[in-house]
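Hello,

Here is the model I promised to pass on to you. My notes on it follow below; please have the structure open while you read.

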Amino acid sequence: MEVDAVSDSRIQKVNNLLKDIRIDHDSLSKPVDNLVSSIREAIDAIPDGFKVTSELAPSFVRDIGADKVEFSFKKPNGFSLCGSYSIRCMAKPDASVDLLVHLPKECFYEKDYMNHRYHAKRCLYLCVLKKHLLASSSVEKVEWSTLQNEARKPVLVVFPVKKVVNVPGFSIRIIPSATSLFDVAKLSMSRNNVRSVTADGVSQPTPTYNSSILEDMFLEENSELLKKTFSVWKELGDALILLKIWARQRSSIYVHDCLNGFLISVILSYLATHGKINKSLNALDIFRVTLDFIATSKLWERGLFFPPQSENPVSKEEKMQFKELFPVVICDPSTLVNLAFRMTSVGFHELRDEASSTLKCMKLRDGGFEEAFMTKIDYPVKYDHCIRLHLKGKTAVSTSGFCLDKEYWRTYEQKVHSLLVQGLGDRAKSVRVVWRNTNQDSYVESGLSVLDREPLFIGISISSIENAFRTVDIGPDAENKIEALKFRNFWGKKSELRRFKDGRIAESTVWGTQQWTRHLIMKQMVEYILKRHLSLSSDDIVQLVDQLDFSLIYGDKDPISTSGNLLEAFEVFSKLLRGIKGIPLKVSSVQPLDSALRYTSVFPPEPHPLACGKIDAGRLHKFVPSCIPTMEVMIQLEGSGNWPMDDLAIEKTKTAFLLQIAENLQTIKGITCTATEDNVDVFVRGYAFRLRILHERGLNLVKREIGADLVKHVSSTDKMLFIRSQHASMINGLHGRFPIYASVARLAKRWVSAHLFSGCLAEEAIELLVAHVFLTPLPLGVPSSRINGFLRFLRLLADYDWMFYPLIVDINNDFGRNDEKEINDNFMSSRKGYEEDKQNISSAMFLAAPYDKASEAWTSLSPNLSELKRLVAYARSSANVLSKLVLQENNDSVQWECLFRTPLNNYDAVVLLHRENIPYPHHLLFPSELNQAGKHVARGKASKSFNPFLLPGDLKRSPEELKKKLMVDFEPTKCFMSELQAKFGTLKPWYDHIGGDAIGLTWTKHNSKKRERDEEEVEINPIEMLKAVGEMGKGLVRDIYLLKSPRFL
């Protein structure tokens, strides 16, 4: 029953999608007829017999290496519509209609199939058409494009003056066809038709070149085949549109060396003619069968062959020849053309991988609709390591020209790919090299040399973090002379002969780096390989790997590099606690709660010289922090039946235990401890640990969770402690499974804080969001780089439907159907009041984890709907900026910094703080300044009673006096925030708890009754209120600006 419901829901979604995406054929038929009629009129008006020479496109003719290209112009033999429009399968946003122009045989000589003469004349013929089309009053403009990114095969794109309202971008693509132009025997795959293609003086076959001409010769026939197949089968057309949507969402396969709309329709036509699909299937079933065929069929190994038109079938030898020459074969009914001649083995591998991944998604409980059709899988989010090669004017073009059998750009792609595959070895799961270089409209007039303006893109999927972070690569043994020589020739001076622990002597390469920069090893390798073998400079190679690291670095290193010391100190502290004697109940377990102890803190504490056992005054530097942060540690005591039953009494008993523990550590072990009414802090090896006790009775009740009445008696303190301990334990485990997880979580926290969302999204909630990216990666793989993981976090925030779906984070993969039902019931309960009042919901962001199926722990109160809306908008904007930075040329560090610079003009008022009064000024990313100053309301002087660093005079004091100067867990900004929220109900503060020097304020309405609210709001004076804010933050507040007055005044 549940399966049927999912299936029905998916089919309904698919039908709605088809309705939205399909371009209505009937609404387009009149504009198409009108424009085709205008094109025919313009072309029919061209006089016959005038001489066409290379002067129309001299640079193009020269660059493709053609000669003898003059001809007398003759009108086309005819016109015919083809492509998606002709089979009623056009899908938005592509509103281009294909029109075949049948080239007249009289314009060509018998041997024009040789040495690119056909390609040159084809282009010159189009130049004549373009000139006369531009003179037509119905034509707005005519642009150059290419057929499948093949520079030597330009096409014309004609835009009408009269626009089609509901079909933006409507145009007609004029594609020349060359039916019966040449003797097909002269274009067999084994022949050489470009005389300069030789090896050691011996002519080599030119199968790609020959296929390029044969493609044009059989365009009409193959177009008719598709019309015949699709015209009588609506579901097949629907499936074609679904496959187009699927492929367009995947940048790595909808590209010149892999898939296009024509090839998709050819594959569907093949399946239909061979009985692999039948008319009982709906569009979604056909879609699934097609993906399964692409992903798993063994027919690809011998090639796909349509039933031949003639009675003579394709011989075994001919099939073998096709397979030897092309990695993928789809032979048309003429048995002469491989329709997939442009598809590379890398492109096909990528295609099968994507098809397989989508099929996995479709087996998910929700049917995988979102993953298959709605999720954008572009290069930045697919690849862990992205590289751009800027080759403008850098490519050393062979003396033979741009076009031989293959075009120069395709050869260069293959060269870069083979170099990186050889050099990276098992570090790379896959390497994708794509040079989209034919979007230059002027290339026909300017010549092919302008086509290197677009950067070449390289995407690398990392096989595993362990391989990627490896510092030594072991090559062939010294005895294997031939392989060792190859290794040395490839790596040059980087190769060195080494003896290893097992006694083996082998060639090797060593990539020296610090622990916290091991994610840059592959960057080193790629740069070395490309510079050595392609003679590129560092400026030509842009690797998108470490551009976000600035947000996590303090000074010249990442503070995470000291985490080893921190964990050692924690282990020492744990042993001390477990070994304490002389207290009524022994410490039975010690568990870290702080994010620094699970590697996800943006700035884990560094050892403080004044928090060590002995202070070496001589080693104190001039910048000794005056504050030290604390890290919470939870302990449990042995079981006992003597605990009091009252919550307050329990808390007092816990405090008594903590005081006893502190006294024991201080008197017996000589460890410094401090106690206040609320906390006990212990200083071990330069770190401050704050102790919390989880009460045994509370723990048992939380674990049992039987009956609401019993749970009500659990102390909220104990319940929260238990939840935090469960969270910490799970995140620790996650860090072990996914080594890059912690770095991505730190970037995510930095971004949330930098945009002043610290008060809206708890750091545990951020950790769960990032965990979801790693645990539920489909339709992608698990992220293996910082930038990739961070982009996926931003897109999750931006694209997830928070209002109608809970986000389930199944950390240990142990949720069953009952768990999911419970979570969904809890979620529906949180949305009960939505229909009556859209603001009346709890948990606007519903995060369900194994320890919290009701989303009570981190998001029950915030973000609320308005906060979430703002958070989503910022995430979408940042995701778009980050994607552009990966793909486009601009690599200025300022652009990358924009990801973490928040626009202060988006607030109603802004409070700027004195940087010298922030406890950790080195955590500040950028000093805040207003670009558009509003009304200046208040200015305050910095407090002289606090300094983030000990003054030179202080350092002369005795060690005991210095220790007293140390401020434990001092956070004036947080105190200021809580006071501000308590006193000013109409002000909503936005702040950065990591180290920001700006607070954004927005006006909010009271939730009181309307009459009371009206009475209060009349009395509000925004300027006076902001002055009161300044007075409250005296000594901390530097300036206050009013940008927008409240609307409800």
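A residue is called buried here when its relative accessible area is under 20%. By that cut-off, strand β21 is mostly covered, with seven of its eight residues buried. Please keep in mind throughout that this is a predicted model.

**The sheet around β21**

β21 belongs to an open sheet of five strands, in the order β19-β21-β24-β23-β22 and with mixed pairing. At the edges are β19 (587-592) and β22 (673-675), each of which pairs on one side only. On average, neighbouring strands in this sheet are turned by 30° against each other, direction ignored.

Which strands does β21 pair with, and in what sense? With β19, β21 (residues 630-637) forms an antiparallel pairing over five bridges. With β24, the pairing is parallel and runs over seven bridges. Towards β24, Q636 stands opposite L694.

A helix also packs on this sheet: α22 (residues 647-668) touches β19, β21, β22, β23 (680-684) and β24 (687-694). The direction of α22 makes about 140° with that of β24.

**Two helices to look at**

How much of α27 is buried? Eleven of the 13 residues of α27 are buried, so this helix is largely enclosed by the rest of the structure. The buried residues are E764, A765, I766, E767, L768, L769, V770, A771, H772, V773 and F774. Their cover includes the helices α25 (716-737), α26 (741-754) and α28 (786-799), together with the strands β25 (807-808) and β26 (847-848). As for its length, α27 (residues 763-775) reaches 18 Å from its first C-alpha to its last, close to the 18 Å expected at 1.5 Å a residue.

The other helix is α20 (residues 521-534). Its 14 residues should span 20 Å at 1.5 Å a residue, and the end C-alpha atoms are 20 Å apart, which agrees. The buried residues in α20 are I521, M522, M525, V526, Y528, I529, L530 and L534. An α-helix has 3.6 residues a turn, so residues three or four places apart point the same way.

**A buried aspartate**

D63 lies in helix α3 (residues 58-64). Is D63 buried or exposed? Its relative accessibility is 7%, and because that is under the 20% cut-off, D63 counts as buried. A polar atom of the D63 side chain lies 2.8 Å from the backbone nitrogen of L448. Leaving aside residues up to four places away in sequence, D63 touches G401, F402, C403, G447, L448 and S449.

**What the record says**

The UniProt annotation "domain: Nrap protein", from an unreviewed entry, covers residues 97-230, 236-376, 381-535, 557-735, 738-901 and 904-1040. I looked at two of these spans. Residues 97-230 are 30% helix and 28% strand, and the end C-alpha atoms lie 17 Å apart. Residues 236-376 are 55% helix and 3% strand, with 24 Å between the end C-alpha atoms.

Happy browsing, and best wishes

Definitions and conventions:
Residues are numbered from 1 along each chain as its sequence is written. This is a predicted model: local features need pLDDT of at least 70, side-chain atom pairs count only at pLDDT 80 or more; totals for chains, interfaces and linings use all residues. Side-chain values use heavy atoms; hydrogens and water are left out. Two strands pair if DSSP finds at least two bridges between them. Helices (H or I, at least four residues) and strands (E, at least two) are DSSP runs, numbered from the N terminus. Axes are lines fitted to C-alpha atoms, for helices over the stretch in contact, and angles run from 0 to 180 degrees between N-to-C directions. Contact means heavy atoms within 4.5 Å. UniProt positions are given in the numbering used here, feature names are shortened, and annotations may be inferred rather than shown by experiment. Buried means under 20% relative accessible area, exposed over 50%, partly exposed in between (1.4 Å probe, protein chains only). A polar contact is a pair of N or O atoms within 3.5 Å; within protein, one must be able to donate a hydrogen and the other to accept it, and residues adjacent in sequence count only if both atoms are side-chain atoms. The expected span of a helix is 1.5 Å times one less than its number of residues.
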